[in-house]
Amino acid sequence: MLRSVKIGLMSIGLATAPLIGCASAPAQGGRVYVRVGPPAPRREVIVERPGPDYVWLRGHYGYGGGNYVWVPGRWERPDGPRRRWVEGRWAHDRHGYYWIEGHWR
């Protein structure tokens, strides 16, 4: 079971790596902008937790190749004790939409 989860997570990482840095507008202040906002989030089926200390990181839309692409949610272990996951999100300003990466706090 754990091996299949690791393989699945590695596949997601490899599949989404080319999406980083793709956008339809130039970067302003280190951000990559997209002119059109993302679609509504998809409903996901959350698979069985691989262990008691895992946290579900919800899926989200990434952007690449001129389109939004769904990045599925996944189980992940916190990188330290008492850590909480802060969800990534799409934000908007006068230049367009940009992604704020999720992180452990």
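Author: Rings of Phe, Tyr and Trp, the last taken by its six-membered ring, form an aromatic pair if their centres lie within 6.5 Å. This predicted model holds 8 aromatic pairs.

Reader: Why is the pair of Tyr-61 and Trp-70 called edge-to-face?

Author: The ring centres of Tyr-61 and Trp-70 are 4.9 Å apart and their planes stand at 75°. Planes over 60 degrees apart count as edge-to-face, so the pair of Tyr-61 and Trp-70 bears that name.

Reader: How do you know whether Trp-70 is buried or exposed?

Author: Buried means under 20% relative accessible area. Trp-70 has 15% relative accessibility and therefore counts as buried. Tyr-61, with a relative accessible area of 11%, is buried as well.

Reader: What makes Trp-85 and Trp-104 an edge-to-face pair?

Author: Their ring centres are 5.2 Å apart, and their planes meet at 65°. The limit is over 60 degrees, so this pair is edge-to-face. It links distant parts of the chain, with Trp-85 in strand 7 and Trp-104 in strand 10, 19 residues apart.

Reader: Why is the charged end of Arg-31 said to sit over the ring of Tyr-98?

Author: The charged end of Arg-31 is 4.1 Å from the centre of the Tyr-98 ring. The definition asks for CZ of Arg within 6 Å of the ring centre and within 35 degrees of the ring normal. Tyr-98 belongs to strand 9, where it stands opposite Ala-91.

Reader: What makes strand 8 and strand 9 a pair?

Author: Pairing requires at least two bridges. Strand 8 and strand 9 run antiparallel and are joined by 5 bridges.

Methods
Residues are numbered from 1 along each chain as its sequence is written. This is a predicted model: local features need pLDDT of at least 70, side-chain atom pairs count only at pLDDT 80 or more; totals for chains, interfaces and linings use all residues. Side-chain values use heavy atoms; hydrogens and water are left out. Helices (H or I, at least four residues) and strands (E, at least two) are DSSP runs, numbered from the N terminus. Rings of Phe, Tyr and Trp (its six-membered ring) pair if their centres lie within 6.5 Å; planes under 30 degrees apart count as stacked, over 60 as edge-to-face and the rest as tilted. Buried means under 20% relative accessible area, exposed over 50%, partly exposed in between (1.4 Å probe, protein chains only).
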